[in-house]
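Please read these notes with the model open beside you, taking one point at a time.

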Amino acid sequence: MEHKHILNVNQFSREDLDEIFVLTTEIQDFFEGDGHQLDPRINLVGNWDEPLEVPYDYLLASLFHEASTRTRFSFEAAHQKLGGTMLSVADMAGTSSQAKGETLADTVKTVSQFADIICLRHPEKNAAEKAAEVSNVPIINCGDGSNEHPTQAILDLYTIWREKETIDGQNILFFGDIRFARTIRSLKTLLNLYDVQVEHELCFYSQADPGDRGWNDKLKDCDVLYITRAQKERWPSPDAYRLKNIVVSFAELSKMKEDAIVLHPGPRTGEMNPQIDVDNRVAMWRQVKNGMYVRMALMKMLLRHSR
Amino acid sequence: MEHKHILNVNQFSREDLDEIFVLTTEIQDFFEGDGHQLDPRINLVGNWDEPLEVPYDYLLASLFHEASTRTRFSFEAAHQKLGGTMLSVADMAGTSSQAKGETLADTVKTVSQFADIICLRHPEKNAAEKAAEVSNVPIINCGDGSNEHPTQAILDLYTIWREKETIDGQNILFFGDIRFARTIRSLKTLLNLYDVQVEHELCFYSQADPGDRGWNDKLKDCDVLYITRAQKERWPSPDAYRLKNIVVSFAELSKMKEDAIVLHPGPRTGEMNPQIDVDNRVAMWRQVKNGMYVRMALMKMLLRHSR
Amino acid sequence: MEHKHILNVNQFSREDLDEIFVLTTEIQDFFEGDGHQLDPRINLVGNWDEPLEVPYDYLLASLFHEASTRTRFSFEAAHQKLGGTMLSVADMAGTSSQAKGETLADTVKTVSQFADIICLRHPEKNAAEKAAEVSNVPIINCGDGSNEHPTQAILDLYTIWREKETIDGQNILFFGDIRFARTIRSLKTLLNLYDVQVEHELCFYSQADPGDRGWNDKLKDCDVLYITRAQKERWPSPDAYRLKNIVVSFAELSKMKEDAIVLHPGPRTGEMNPQIDVDNRVAMWRQVKNGMYVRMALMKMLLRHSR
């Protein structure tokens, strides 16, 4: 994989994804295996891809202009477990010089004088691309408005690959906010690289939408149920749509295949009953953990040739 | 001590506290002694309880939903001085996915995929217990509303033990907000394990309260004066009570025993004159520093068997 | 250099500045040179001033009460690249115990129990001096209202010295907010130690100000053009002044000497066209990077005798 930045999913080929999955697997096996914590060199190195004596002594700037738990924490955890240090900002709009009128471009240009890699979440579409234009160092798009969230899509895909052993041939059912969820947009683009069947179920309806049909049939057929919340903060108006009366619960699970899996990029806000977490088909917490390892792999690959 | 979490003070026996005090003393002697900073291995290890070659390479998630200086900083300092790394959030409500409607349970479940230990401050009673139900990793209650603040109580007790060499037989006078200060509630519960005499002086009064009597006598008799601020943010209404016209100053100190000590969990907001800090009986700054070492001991004990 | 704190520029002699510039140059050469990242000891040490085996295992508390990008990040990056750990607070007013009524003095006294060095930005004049009175550890003033910003002034001066090889004899033109910009106030005080010619151009006007004269002549003559934004947040009222219609652009550059340099302490808010960054005379991004190395030198010097 030879990319300077991670800005959108369109930049990835199927070969890139294969390479990412293999490296992620190596990293995950390493960290989840025995004994790594007994070797004091582990925080400096990793035993993959580079000789042990090469330290990962990079500085990550984690610049978030919108709320986040999973994405920010998993990048920060991933980076530190590899041995790196951090500049972490949860509220860029309020606490950076942008509060004094600085442009995003100047902020990024400033930070790229210090940091080796920048994670950026921003409410505006293409913010990461604009950042990449002025940055000396790799930019990772951690969500630009309702547009893209490429590392989430890669970790979703990795989770399907890891859980089902293959992506080709899967029947994937999206239930949620197809219009505004950037995670769905990004994942669907990647799925175009594979031979999969994709179905949808909107979690809301408007006067113009057709009625709710076939939900039970879709559940029965799917191999992967990918749930998202309604992205109300991005709706044209708070009452533009009405939520459907669907909560994925044990009743839904009972209609699904024995080897199906349920994914959710989080946060959950009512469209999925947390009690079903006890069912092993609910893979959303393995998905969270996978995300940390995928991000380790992505940062390693971006920084591999940085010096 | 065999506890998975630190949720409230009721979980501690007198034997647990003895064990904590001994380990804390070892750690404090080590860090305040000569030469530790010259040994490059020190950040990885500690010379107590475990062989030197075992690194403390844990990741702490410090999740604060309410303002804090002492508690958050002393945990974060303690953890880093032991060699650990951190996810630090001062404003969980505003910057995490809880701003998008995520439940505390899901946030904790997410973070426990990455972190080895979680410090939680939350305005709701029993928030830490709810977190412990869903967490894969140890939870430390850093204050749940006006309910409990167990690590503060342990460090308060450690300070009395360290300063007075024993806890049994002490006369302990609480001056402050007995009704709403979680630090007092937690400390008083621990003091029940010892043979001590406890007295009170409220820092405020209502129509229903008896008049102010015996303050001077109480001061004269006490070995430990434990001061807290009025917890106005937790009062039923801002004008539910009126503050008494008492500020602990040189006049009060002059009435106290030569070997008495004055503690305050902070923050001070007027009930104690900062000028008396020059009197060696004012132990509140030693108390702050002790807190860091107590928290090192507690985290070491919780993480001892985590892998 | 023998200073316990860095509070204002008046404390520095020309000899101090020479010493700072030499140490900064050593550090900068070291970090920008080849190979440092291949030596796993580098995060612990530095090859200047102290033997390699002495670790820089200090804890920095970065306490910001006002928005910042450059200053906070460059201190935090500098400190971590040297090997240190951090307590970082971008919003002290909202998330520390000051939200519960604690005084700045008590906050600083608390933090100085844990930290080895404190960086403080605060809206009130002389806040850093008050902090120094109660702190056990070095305080670095990172801006106290419209008063002082000494480390910015030192890095500005270092940049002039590095770019022009000497400070004596330079013609320095300030364009911006002479009245309220603390960076200008601090830098001008340091320039008094040298044999330089200083000129001004206000970026705003009031009824009482003389008209705009001689801008083109000043541009032609200057060796260093130092631009600042209008500090509107510190103006007596939002409409106390009106901005002049001046934006430093290619037209201005074309009037300047071939070897002149353009500095800006950031953030830019319209008084300078970002497109001119392509002209090598625009040194503001080298200035940002220099700032990190200057801050490494300053922290090394303050901490040299701390144990």
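Predicted model: local features only at pLDDT ≥ 70, side-chain atom pairs only at ≥ 80, totals over all residues.

1. In chain B, B:F64 stands opposite B:R121, which lies in strand β3(B). Residues are numbered from 1 along each chain as its sequence is written, and chains are lettered from A and ligands numbered from 1 in the order in which they are written.

2. Which strands flank β3(B)? Strand β1 of chain B (residues 59–64) is joined to β3(B) by five bridges, and the two run parallel; strand β4 of chain B (residues 139–144) is joined to β3(B) by four bridges, again in parallel. Two strands are said to pair if DSSP finds at least two bridges between them. On the β4(B) side, B:I118 has B:I139 as its bridge partner.

3. Six of the six residues of strand β3 (residues 117–122) of chain B are buried, so this strand is largely enclosed by the rest of the structure. A residue is called buried if 20 or more other C-beta atoms, placed from the backbone, lie within 10 Å of its own, exposed if 12 or fewer do, and partly exposed in between. In a regular strand the side chains alternate between the two faces of the sheet. Accordingly, B:I117, B:C119 and B:R121 point one way from β3(B), whereas B:I118, B:L120 and B:H122 point the other way, and all of them are buried.

4. Is B:L104 buried or exposed? B:L104, which is found in helix α4 of chain B (residues 104–114), has 20 C-beta neighbours inside 10 Å and therefore counts as buried. Leaving aside residues up to four places away in sequence, B:L104 touches B:H122, B:A127, B:K130 and B:A131, where a contact between two residues means that their C-beta atoms, placed from the backbone, lie within 7 Å. B:L104 and B:E133 are 29 residues apart in sequence, and their C-alpha atoms are 11 Å apart in space.

5. Helix α4 of chain C (residues 104–111) has seven of its eight residues buried, so this helix is largely enclosed by the rest of the structure. The buried residues are C:L104, C:D106, C:T107, C:V108, C:K109, C:T110 and C:V111. What covers them includes α2 (70–82) and α10 (284–303) of chain B, together with β1 (59–64), β3 (117–122) and α5 (127–134) of chain C.

6. In chain A, an open sheet of four strands has the order β6-β5-β8-β10, with parallel pairing. Strands β6 (197–202) and β10 (261–263) of chain A stand at the edges with a single partner strand each, so one side of each is left without a neighbour in the sheet. From one strand to the next the twist averages 20 degrees, an angle taken between N-to-C directions on a scale from 0 to 180 degrees, with axes that are lines fitted to C-alpha atoms, for helices over the stretch in contact. Strand β8 (residues 224–227) of chain A pairs with β10(A) over three bridges in the parallel sense, and A:L225 stands opposite A:V262 in β10(A).

7. Chain A is divided into domain 1 (9–147 + 291–303) and domain 2 (151–288), with bounds that come from an automatic or database domain assignment. The centres of these two domains of chain A, taken over C-alpha atoms, are separated by 26 Å. Between them, 20 residues of domain 1 of chain A are in contact with 20 residues of domain 2 of chain A. On the domain 1 side, α1(A) gives the most, with five residues.

8. The contact between chains C and A takes 24 residues from chain C and 26 residues from chain A. On the side of chain C that touches chain A, α2(C) gives the most, with seven residues.

9. Chain C can be laid on chain A with an RMSD of 0.0 Å by a turn of 120 degrees and a shift of 0.0 Å along the axis, which is the relation of a three-fold axis. The copies use different surfaces, as 4% of the contact residues of chain C recur in chain A. Such copies are superposed by least squares on the C-alpha atoms of residues with pLDDT of at least 70 in both.
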